[in-house]
Amino acid sequence: MKIPTTLKHKPVIVCENYGNVDGRYAYKSDAKGLSLGLAQWNDRGKVDISAKVWRYTGEKWSRQSEEMPLHRVLDLAILVCRGKLHFQEAYQYEKLYDTENPVIDRVGLQGDAMTVAVCTDNEKINEDIALFRQVLSNDDEILGERLHTLARILKEMGY
């Protein structure tokens with residue numbers, strides 16, 4: 001399915017078969033494409049690039065399509081990696097996290113740090129964290145494949 005090029009987000013680099021590789025939703029996903037392009041919020045004299053997930057309802061392109069600045073895409077990838085790393089050692093804690101110190105890490109970015117923590121404000125955190133861990137385990141092959149690919153590409157890029 002072709003990603004629209006007449007809307008405010010202007011695609012430059014595209015993956016038009018994303019629905020076939022969307023993790024456990026592969027071949028039945030409403031996320032039909034991914035693109036990197038000129039952001040829809042660009043104003044005269046100000047140009048940003050963004051990533052967009054294109055959703056299709058079966059009849060039209062959905063308003064639930066998401067567009068994010070590239071740094072946020074990478075910040076989400078950092079959060080996923082740091083969260084996954086936490087769960088490799090979470091078995092050490094009775095409740096899968098240190099209840100006295102729910103901060104998992106502080107990841108330095110731009111002179112400050114992204115605080116990665118267990119959400120103790122969630123009143124059902126003990127149940128939810130166990131479910132989260134189970135889903136991470138169930139999806140280990142899907143996530144692992146993508147993380148290995150990302151690591152290989154980052155290495156090729158010199159990172």
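Guide: Welcome! Two strands pair if DSSP finds at least two bridges between them, where strands (E, at least two residues) and helices (H or I, at least four) are DSSP runs numbered from the N terminus. This is a predicted model, in which local features need pLDDT of at least 70 and side-chain atom pairs count only at pLDDT 80 or more, while totals for chains, interfaces and linings use all residues. Residues are numbered from 1 along each chain as its sequence is written, and side-chain values use heavy atoms, with hydrogens and water left out.

Visitor: Which residue in strand 4 is the bridge partner of K52?

Guide: Strand 3 (residues 49–55) and strand 4 run antiparallel and are joined by 4 bridges. Within strand 4, the residue bridged to K52 is E67.

Visitor: Which side chains of strand 4 point to the buried face?

Guide: Side chains alternate along strand 4, residues 66–69.

Visitor: How far apart are the end C-alpha atoms of helix 1?

Guide: Helix 1 covers residues 70–89, which is 20 residues. The expected span is 1.5 Å times one less than the number of residues, so helix 1 should span 28 Å. In agreement with that, its end C-alpha atoms are separated by 30 Å.

Visitor: What covers the buried residues of helix 1?

Guide: The buried residues here are R82, G83, K84, H86 and F87. Contact means heavy atoms within 4.5 Å. Their cover includes strand 5 (103–109), strand 6 (112–117), helix 2 (125–138) and helix 3 (140–156).

Visitor: Where do the buried residues of helix 2 sit around the axis, and what arc do they cover?

Guide: The buried residues of helix 2 are I125, I129 and L136. They lie on the same side of helix 2, because the arc they cover, taken from the directions from the helix axis to the C-beta atoms, is only 35°.

Visitor: What do those buried residues of helix 2 pack against?

Guide: The face turned away from the buried side carries L131 and N138, both exposed. The buried residues themselves pack against helix 1 and helix 3.

Visitor: How many disulfides does the structure hold?

Guide: A disulfide is a pair of cysteine sulfur atoms within 2.5 Å. The sulfur of C15 has its closest cysteine sulfur in C81, 19 Å away, so the two are too far apart for a bond. C15 is partly exposed at 23% relative accessible area, and C81 is partly exposed at 34%. The number of disulfides is 0.

Visitor: How many degrees lie between the planes of Y56 and W61?

Guide: Rings of Phe, Tyr and Trp (its six-membered ring) pair if their centres lie within 6.5 Å, with planes under 30 degrees apart counted as stacked, over 60 as edge-to-face and the rest as tilted. The whole structure has 3 aromatic pairs. Y56 and W61 form an edge-to-face pair, 5.0 Å centre to centre, and the angle between their planes is 70°.

Visitor: How many residues apart in sequence are F87 and F132?

Guide: F87 and F132 form a tilted pair, with 5.4 Å between centres and 35° between planes. F87 counts as buried at 16% relative accessibility, whereas F132 is partly exposed at 47%. Since F87 lies in helix 1 and F132 in helix 2, the pair ties together parts whose separation in sequence is 45 residues.

Conventions:
Buried < 20%, exposed > 50% of the residue type's maximum accessible area, 1.4 Å probe, protein only.
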